[in-house]
There are 2 protein chains.
Amino acid sequence: MDRWQAFTEVPAYPRLRKLAQRPFDLTQPHSLTPQRIARYRCSAAGFDLLYATQRIDDEALDGLQQMAAQCRLLEQFRQMRSGTVMNRIEGFPSEERQVLHTACRDLFSGHPSAPLATAQEAAELERLRLFLEQLQQGQITNAAGQPFDTMIQVGIGGSDLGPRSVYEALQAYRLAGRNAFFLSNVDPDDAAATLRKVNLATTLVNIVSKSGTTLETLTNETLVRQALAAQGLDPARHCLAVTGQGSPLENPARYLRSFSMFDSIGGRYSASSMVGAVMLGFSLGMENLMDFLAGAAAMDTAAEEPELRQNIPLMLALLGIWNHSFLGYPTLAVLPYSQALHRFPAHLQQCDMESNGKSISRYGEPVPTKTGPVLWGEPGTNGQHAFYQLLHQGTEIVPVEFIGFRHNQYNQDLVVAGTTSQQKLMANLLAQALALAVGQDNANPNKRFPGNRPSLLLLADRLTPATMGALLALYEAKIAFQGFCWNINSFDQEGVQLGKVLANRFLSLMQGEQDLDERQTSVEYALLKQAAVI
Amino acid sequence: MDRWQAFTEVPAYPRLRKLAQRPFDLTQPHSLTPQRIARYRCSAAGFDLLYATQRIDDEALDGLQQMAAQCRLLEQFRQMRSGTVMNRIEGFPSEERQVLHTACRDLFSGHPSAPLATAQEAAELERLRLFLEQLQQGQITNAAGQPFDTMIQVGIGGSDLGPRSVYEALQAYRLAGRNAFFLSNVDPDDAAATLRKVNLATTLVNIVSKSGTTLETLTNETLVRQALAAQGLDPARHCLAVTGQGSPLENPARYLRSFSMFDSIGGRYSASSMVGAVMLGFSLGMENLMDFLAGAAAMDTAAEEPELRQNIPLMLALLGIWNHSFLGYPTLAVLPYSQALHRFPAHLQQCDMESNGKSISRYGEPVPTKTGPVLWGEPGTNGQHAFYQLLHQGTEIVPVEFIGFRHNQYNQDLVVAGTTSQQKLMANLLAQALALAVGQDNANPNKRFPGNRPSLLLLADRLTPATMGALLALYEAKIAFQGFCWNINSFDQEGVQLGKVLANRFLSLMQGEQDLDERQTSVEYALLKQAAVI
C-alpha cells in the first residue's frame, strides 16, 4: 500500500495553521453579506450546503483544497470504494479488511466500483425481495395462517443505531399495518418493555449479529425465543437472522431465513447492507428501500467530485477539520430540525466517534494532533428550549451542523399567527445559524451575544427514503475523509476490547470463581463489594 | 445580598491549581487499591457514590472542601432553599426571582425551608389529588361517559424534557391502562406522528406553559384542539393547563382544570412542580408521585450535609469542577446503565447547560474561567457498542458519570452463559469504570489503553419513584453548587432570546412584510433565498 500522509505532513498544513490564528470574523459589519451567502453554497444528491456562517474565507478554503489534494483524499476514497484493504495498521496485526459499505448501494450505475461486493449484495437483496413477496402473498405466515405485521430487530451498536435511526426517520413511509421495534440493551427491562408492546403471534424477530456471538444480542435472542415458546409459538417460524457467513445463525432449523452480512462492511457503516435492509424492506416496502439505497449511491458519487466547493461530503469533512484541528473546538453538535431525525445524532455518535476516536496512525505511531471530536445533538426546536443557552453564551464554543427540510413529511400543518408550523421551523433554523454567527451587543452584559460561533446548514426539500439515504452516505463519506486527513484507521474498534475482557472478569467473580486470597487483593472484588453488587 | 466570591477568588484556588498540575495517576501499580475504593465512597438518599476512579487524592479533596467553605456553597444552597432572590445579576436588569424548586417537595419534614412556597404547592397537589380521584371514580369522563386513559403533555423545554425523562424512567410503575405521550417540537410531523398513536376520545391534553404564549406550545395546542374538534370532541372537556397565575390558560371556559406553576420555579427545575406532577399523577398514581417527591426531598436534605466526603451532590459538583475547571476536560458524559433512563441525559443537557452555559458573573463581569461543560450521554451497554471507542482511545478525555441499579424494574430476567442480564449489566458498568481508569499496555500500539480517564459510579438498589426523585434532585443540587462556584446566575436563560427575535424577522420576511430595497441588502432575505425557502 502507498504510504499516506497525515494532514500535518503536507505543505498546506503550516499555511493553514497560520491562517487559523486569525480566522474570518463573522461579527464585523459587512462580514456576512448576501454575496457571501450566495457564494458559500453547494448542492449535490438532493442536498444544499450553506456554509457562509463558518469562520472561513477564500484563502483558508484554498488551503483546505490544497491539503485535500496533497493528502490525496479523493484517491483514498476511490481506493476504498474499489476494494483496497483500508482497514489495517501497517506493521502490526490488524483486521486487514476491505471497506465496502458503499458497494451495498452501488447498484444503479451499471459499472460498480467493486463489482464482486455489489453482486453479492444484489443477490441478498433479491433473496429479500422474494421473501417479502412471499410474506405479502401469504405464502409465509405464522402457524395460525396470520400474516406477520411486526418486526423486532435484535442487535446492538451498528446493528441497532443506524437501522433504528433510518426507520424512525421514515415512519411516515411505513406500509399500512407494518411496524418495527428494536431490542438492543442487555438491560432486561429493555426487553420486558418492548415485549409488552407487541403481539408476538404476528411478529418476526430479526437477529442481527455478524459473529453470532455478541453477548447482548445472544441474551436478547434467548429471551425473545423463551417469550415466543411461552406463548406456544415456534421460534424457528418467527426468527430471521442477518449474520456473517459461517456463523451459528446460518441454521435453517432455527431461522426462517438467514441473510448475509460481509466482513468488508463494518457495523457502524452497515445500515444500507442487509443489517438495515431486511427491517426497512419489511416495514417500508422494497420500493422505498431501493429509493433509500439510490439516495446513498448518489451521495457516494457526489463525494468523488474533485472541486472542494462542489463536494458536500468533502466540504463538511474539511470544515470539521478546520474547526476541530485548527481552531481547537473539541465537540460538534448535529442538530436536525426534524423530529423524525431524533435518533440520527445517536447513530452519528457511533459512526463518527467509533471511527475517529483513535490515537494511533495507520502506521502504528501516536498521532501528533487531536483526532475525532465528541459529537452530540438533539432535534431543534426542542434544543432551543434546552441547551442552546450554552451554544450562544457559554464559554465552550460548539460548531453546529444544522439539518433541515423545506417541506414536512405528513401533509398536516396549520397556520398560527400568520405562518405554518413548517415555516416556523425553518425560520428558527435560519435564525439560529445567524444568531450564532453575528451575535449582538447590548448595554446589559447578560444580554450580550459574542457571535463568531460557526455553523452550517444542510437542507433538502423533504426527508424521504432517498434524502435519508443521501444523508447517511454524506456522513459516512465525511467521516472517512476526516480519518484519511488524520491518517488513522477509521474502520476498526480495538478500544472496545478491554471493557469486554474486564466485564468477563467481574462476571466470573459474581459466579464465585475465585478463592478468598485472590479476593482480598482484587480491585475487581473490591469494586463489586463497595458497589454492593455481591 | 452578600457579595459572593467565585472559586478563583478564594485562597484554596491557587493551591488547587498547583495540585492539578500533577493529578492522581490511576495507572500506577497499587494506585487503585481495595482500600481506596472503600474510602472514596459515600451514601445518601438511596444512592451510593463511588469515586475512587477519579484523578483525585486526599490533598486535592481537602482543597476542594476548603474551596467549598470559602465560597460558602452550603450557605448559598440554604439561602436558595429558603427563598433568597438568587436569580439576579447585580447592577443590571434581571429576572430578580427566588429559586424555589426545592420547596415543591419540602412536604415531609414538618418544617419546610420556604413555608409559603411549600404551602402553595401543597394546595395544588391537593387539587390534583381531588381531580385524580374524580377521574378514578368516574365523576369526570368524556362526553360519552368513558374514562380517560391517555394524557398528551404539550410543552417544550422544561415542560417536556424533565417530565418526559421521569415518565420514561418509571413506565414500569404505570397504573394499569394509563399512559402518556409528549408533544413538544414545532415540527408538524411530531404532532402528526403522536396523534396517530392515541385515541383522542379518551385522551386528556395537558398544556404546560408558564406564560401561555410559548410559540411551539401555542401552535401544538391549536393543532390538538383542531384534531379534537374534527372528531366531534369538545376541547374544553379534554384540555388541562399548567400555567402561571394570570396567564390566558387560566380559563375555565377552555380548560377542564388549570393548575398553577410559580415564577420562583424555573422551567428546567420544574419536573417536581405541577409541570411534572399532573402527568405523573395521572399515569403513575398519587402514591408513586408522592414517593417521587419524597425521594427528591431526601436528596435536598442530603445536599446540606457539611462534610464533603458525605455529601453526594456537593462531591459530584466539586469533582466536576476539578475535571472541567482544573484539569480542563471540556465535556461530561452521563451514561446510565438502565434503558429506562434513556431520556435522562437529554433532561440534564437542559438542566446543566442552560443553567451554567454562561459567560457573565452574578455581578455582570466576564467570567475569568470556563463555566459549564458540554454534557451528553446515552444508555449503556448500548454506548459500549457505539462511542466508547473514543472514550477509551480517543484524543478527547471525557469524564464519565455512570449511573446503575443493582436490581431491574420488571421481574423478568434470564440466565445465559451462567449469569443473568442484570448481572451482565452491572459487570459491564464496573468494567468500564475500571478500564477507563487503569488502562492497559500492549506491544501492539493499537491495542494500548492509556487509562487515567476519570469516572464515577452512582448506584442505587432499584430505579423506583423515590430513587428517580433523588436522582433528579441530586443533579439539580450539583448544578446549583457549580454555578455558585463559578459565581454565575444558574437560573436565567438570556441566551435564548436573540434566536427568538431573529426567527420573528425571518417569519415576517416569509409573510412578505418587507419591501424590495430592504430585501436586496438583507442578510435574512439572502439566507431565505439561498436556502430556497422563499
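I began in chain A, where the bridge partner of V334(A) in β10(A) is E401(A). The model is a predicted one, in which local features need pLDDT of at least 70, side-chain atom pairs count only at pLDDT 80 or more, and totals for chains, interfaces and linings use all residues. Residues are numbered from 1 along each chain as its sequence is written, and chains are lettered from A and ligands numbered from 1 in the order in which they are written.

**Entry 1: the sheet of chain A**

I then looked up the strands around that pair. Strand β8 (residues 331-336) of chain A and strand β10 (residues 400-405) of chain A run parallel and are joined by four bridges. Strands here are DSSP runs of E with at least two residues, helices are runs of H or I with at least four, and both are numbered from the N terminus. Helix α15 (residues 421-438) of chain A packs on the sheet and touches β10 and β13 of chain A, its direction making about 160° with that of β10(A). Contact requires that the C-beta atoms of two residues, placed from the backbone, lie within 7 Å. Angles run from 0 to 180 degrees between N-to-C directions, and axes are lines fitted to C-alpha atoms, for helices over the stretch in contact.

I traced the whole sheet next: six strands of chain A form an open sheet with mixed pairing, in the order β1-β2-β13-β10-β8-β9. Two strands pair if DSSP finds at least two bridges between them. At the edges I found β1 (41-44) and β9 (374-376) of chain A, each pairing on one side only. Neighbouring strands are turned by 15° against each other on average, direction ignored. Helix α12 (residues 312-326) of chain A runs at about 30° to β2(A) and lies across β1, β2 (47-50), β8 and β13 (455-460) of chain A.

**Entry 2: a helix pair in chain A**

I examined helix α11 (residues 286-302) and helix α16 (residues 465-486) of chain A, whose axes come within 6 Å and cross at roughly 40°. The two helices α11(A) and α16(A) are therefore oblique to each other; angles under 35 degrees count as roughly parallel, over 145 as roughly antiparallel, 65 to 115 as roughly perpendicular and the rest as oblique. The residues of this contact divide into 14 nonpolar, four polar and two charged. Ala, Val, Leu, Ile, Met, Phe, Trp, Tyr, Cys and Pro count as nonpolar, Asp, Glu, Lys and Arg as charged, and the others, Gly among them, as polar.

**Entry 3: the sheet of chain B**

**Entry 4: how the chains meet**

I checked the relation of the copies, superposed by least squares on the C-alpha atoms of residues with pLDDT of at least 70 in both. A rotation of 180° with 0.0 Å of shift along its axis superposes chain B on chain A, with an RMSD of 0.0 Å. That is the relation of a two-fold axis. Of the residues of chain B, W376(B) comes closest to the rotation axis, its C-alpha lying at 3.2 Å.

For the interface, I noted that 125 residues of chain B are in contact with 125 residues of chain A. Helix α15 (residues 421-438) of chain B gives the most to its chain's side, with 13 residues. The residues of that side divide into 62 nonpolar, 45 polar and 18 charged. I also noted that 100% of the interface residues of chain B are interface residues in chain A as well, so the copies meet through the same surface.
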